[in-house]
Amino acid sequence: MNTRLTWICHGATAASRKALFPLDEPLEDKAAEEAGRMTALPQADRIVTSPALRARQTATALGLDAQIEQRLADCDNGRWAGRPIAAIGTEEPENLMAWMSDPEAAPHGGDSFLGLRTRVAGWMDEQSTLGGHVIAVTHAPIIRTAIAHVLQAPLPSFWLVDVEPLVVVRMTSNGQRWSLRL
């Protein structure tokens, strides 16, 4: 069974502009306008979005009637949520380095990258059994995790993929394996 998966990263927020670990913040006004000007998306059998406000607002700006999918929620940053990444690097350099280099580490009390990959890969595997075309509006960490999963790359490669706001990433599955479609 063939499946097409179109990932869309939500638009820019104050947290993304200021390099903060995100909270559940809204889109910037300009981001909603930019999403509204994006090229029309192809028809889809299923349209889903992260439960986060910024993802739901992006789906609305795109004119998509999306169902909330909890497994596409952003990475849980635990006690670091809302804080500047630079401040964490200064105050807790060992913890930040452990989180970035050890896939099982979660010193902030949130998601480890292994847990994130398990969640995202499980959702993707379910989609490949359903077939059809799926559009998913979610977050950069979720899309980066999906890319690492498809490429069967080591989890630290997560940090080598830059996913910009409103980027569209396409993948396909033949029911046995996923492929990145460029």
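1. In β5, Val 168 is the bridge partner of Ile 8. The model is a predicted one, in which local features need pLDDT of at least 70 and side-chain atom pairs count only at pLDDT 80 or more, while totals for chains, interfaces and linings use all residues. Residues are numbered from 1 along each chain as its sequence is written, and side-chain values use heavy atoms, with hydrogens and water left out.

2. Strand β1 covers residues 3-9 and strand β5 covers residues 168-173. These two strands run antiparallel and are joined by six bridges. Two strands are said to pair if DSSP finds at least two bridges between them. In general, the strands of a sheet pair through backbone hydrogen bonds, either parallel or antiparallel.

3. How many strands form the sheet, and in what order? There are six strands, in the order β3-β2-β4-β1-β5-β6. The sheet is open and its pairing is mixed. At its edges stand β3 (67-68) and β6 (178-181). Each of these has a single partner strand, so one side of each is left without a neighbour in the sheet.

4. Which strands pair with β2 in the parallel sense? One is β4, which four bridges join to β2. Another is β3, which pairs with β2 over two bridges. Thr 49 takes part in both pairings: this residue stands opposite Val 137 in β4, and its bridge partner in β3 is Ile 68.

5. β5 and β6 form a hairpin, with four residues between the two strands. In the turn, Gly 175 has a positive phi of about 95 degrees.

6. Which strands does α6 touch as it packs on the sheet? The list is β1, β2 (46-49), β4 (132-138), β5 and β6. Contact here means heavy atoms within 4.5 Å. The direction of α6 makes about 140 degrees with that of β1. Such angles run from 0 to 180 degrees between N-to-C directions, and axes are lines fitted to C-alpha atoms, for helices over the stretch in contact.

7. Helix α7 also packs on the sheet, where it touches β1, β4, β5 and β6. Its direction makes about 145 degrees with that of β1.

8. How do these two helices meet each other? α6 spans residues 113-130 and α7 spans residues 140-150. They pack at an angle of about 75 degrees, and their axes are 9 Å apart. From α6, the contact is made by Leu 116, Arg 117, Arg 119, Val 120, Ala 121, Met 124 and Asp 125. From α7, it is made by Pro 141, Ile 142, Thr 145, Ala 146, Ala 148, His 149 and Val 150.
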